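Hello,

Here is the structure I promised to pass on to you.

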There are 2 protein chains.
Amino acid sequence: MEKARSPFKTALQKQEEREEKRMALLHAAAEMFNAQGFHATSLDDVAASLGISKPTIYHYLGNKEQVLFECLTIGLDQLFTAADKARTEIGTGMDRLRIFLTNYFFINIDDFGRCVILSGDDTLSSEGVKNLRAMKRRVDTALRALIIEGIDDGSITAVDPKITAFTLAGAMAWPARWYSKSGPTPPDAMAAQIVDSLMMGLAPR
Amino acid sequence: MEKARSPFKTALQKQEEREEKRMALLHAAAEMFNAQGFHATSLDDVAASLGISKPTIYHYLGNKEQVLFECLTIGLDQLFTAADKARTEIGTGMDRLRIFLTNYFFINIDDFGRCVILSGDDTLSSEGVKNLRAMKRRVDTALRALIIEGIDDGSITAVDPKITAFTLAGAMAWPARWYSKSGPTPPDAMAAQIVDSLMMGLAPR
DNA sequence: TTTGTATATTACTCATTAGTAGATTGCAAT
DNA sequence: ATTGCAATCTACTAATGAGTAATATACAAA
């Protein structure tokens, strides 16, 4: 049974509304950063795209760098969560790697993931860059761990984990540049094709 | 025997001097675009880095977009030339692909090649984007041709040329983001490691 | 009823920077 | 000599855009 609709909001509801607005702002910002680049996007534009004014962004998110940093943090969190989850999955090391890479692809063609790939370190303060590097390193470490596990259990051929991690990351990052979800190949199909192609190269012979 | 040094320059010498200055300007611009991003780099900064003033850039190169476009054209020309040259080489298809990818790496960690990778299409006018797309397509076509030749002569295992070209391009582009020539691994060694790792995945089994 | 807090606005300031106008110097050809 | 062109500068303009101050409204708590 649902409670009668009341125009008076509880503290929780207000909290949720605020969070919803925050996320809407971040999504709008990430989308525009990705489409036009960080420096070519003005906060006035972002605000206008949601029908609000610039100071409102400052109210919810702070200055322009903080907006970007938040977008990057979300994207990297998604990647790290995906890696963590893949590592708990059952199956061979290669099975787990495949699961991770597939999700890596989906994240990378989404607003926040694309933001991580398209933004150079240059845009942030040295403090921000340090934090960002640390987060990226965590993802890279997780990726290498998956590769090593696969080598150890024999599901992946003997390769150099470091170089392999770099080439895999590069191959997965590239679609953020050109792939469009509204194109002829749907995301699942594209992910499958790319990941299959990479896995074939890693299969033991 | 050398001609006596004269302070009076011939037309040819002046032509050469002009060209040298043009290239110095382009190199300086590309370097700063790569380090800080196109929009975060002012032409005043570029000029200052060479001890000249901004109008001089306009004299040699035109407006800011033209400066970038010239950098991108040079980078893409280098890639296309490398592809063309690799295709005339003797050996199996895979041998030629290896040669191309190795040069691809060297170009990608150089000023103009990095510029191609780091610049989004967004910065240019629609006219410029169209030209750029065409140049990129030429490089992609050449890469696919190399892959197909390798499949045909049996030196490369049966793969989808389109998807493989994308993953190879991605893996080769990635180092432009993080590789530093002054780091612990010299360019030749890094190129060899990356290319070997990719070739292993393409070898027939 | 008053006071405080969250949300949002308008209307500014101030710095940066693309691009231009106009002057200057020097060299070369007429 | 003079005219013209190449290279370069100083000094502007005009626009853009980050960030802030001051204000208004609504609602909730005291």
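This is a predicted model: local features need pLDDT of at least 70, side-chain atom pairs count only at pLDDT 80 or more; totals for chains, interfaces and linings use all residues.

Sugar or phosphate makes up 64% of the atoms of DNA strand C that lie within 4 Å of the protein, and bases make up the rest.

Residues are numbered from 1 along each chain as its sequence is written, chains are lettered from A and ligands numbered from 1 in the order in which they are written, and side-chain values use heavy atoms, with hydrogens and water left out.

Back to DNA strand C. Both chains reach its phosphates. With B:Leu43 it is a polar backbone atom that is 2.8 Å from a phosphate oxygen of DNA strand C. The elements that give two or more residues to this surface are α1 and α3 of chain A and α3 of chain B (helices, H or I, of at least four residues and strands, E, of at least two are DSSP runs, numbered from the N terminus). The largest share, four residues, comes from α3(A). By class, the surface near DNA strand C has seven nonpolar, seven polar and four charged residues; here Ala, Val, Leu, Ile, Met, Phe, Trp, Tyr, Cys and Pro count as nonpolar, Asp, Glu, Lys and Arg as charged, and the others, Gly among them, as polar.

DNA strand D is surrounded by 17 residues, with A:Lys54, B:Arg18, B:Ser53, B:Thr56 and B:Tyr60 the closest. Of its atoms within 4 Å of the protein, 60% belong to sugar and phosphate. A polar side-chain atom of B:Arg18 lies 2.3 Å from a phosphate oxygen of DNA strand D, and for an N or O atom in the side chain of B:His59 the distance to a phosphate oxygen is 2.9 Å. Chain A takes part through a polar backbone atom of A:Thr41, 3.5 Å from a phosphate oxygen of DNA strand D. On this surface the largest share, four residues, is from α3(B).

How much area do chain B and chain A bury between them? The figure is about 2500 Å², 63% of it on carbon and sulfur atoms (buried area being the accessible area, with a 1.4 Å probe, that two parts lose on being put together, summed over both). B:Ile163, B:Trp174 and B:Arg205 supply 23% of the area that chain B buries against chain A, more than any other three residues. In this interface 33 residues of chain B are in contact with 33 residues of chain A, where contact means heavy atoms within 4.5 Å. The count of salt bridges between the two chains is zero; a salt bridge is a side-chain nitrogen of Lys or Arg within 4 Å of a carboxyl oxygen of Asp or Glu. The side of chain B that touches chain A divides into 19 nonpolar, ten polar and four charged residues.

Within chain A there are two domains, domain 1 (11–62) and domain 2 (64–202), with bounds from an automatic or database domain assignment. Their centres, taken over C-alpha atoms, are 26 Å apart. Together they bury about 1400 Å², 69% of it on carbon and sulfur atoms. A:Leu26, A:Asn34 and A:Phe38 supply 41% of the area that domain 1 buries against domain 2, more than any other three residues. One salt bridge is counted between these domains. A:Glu70 pairs with A:Arg22 in a salt bridge whose closest N and O atoms are 2.8 Å apart.

Over all chains, the whole structure has 20 salt bridges. One of interest joins the side chains of B:Arg96 and B:Glu149, at 2.9 Å from N to O. B:Arg96 lies in helix α5 (residues 93–108) of chain B and B:Glu149 in helix α7 (residues 126–152) of chain B, so this pair ties together parts that are 53 residues apart in sequence.

Best wishes

Note on methods. A residue is near a molecule or strand if one of its heavy atoms lies within 4 Å of it. A polar contact is a pair of N or O atoms within 3.5 Å; within protein, one must be able to donate a hydrogen and the other to accept it, and residues adjacent in sequence count only if both atoms are side-chain atoms.
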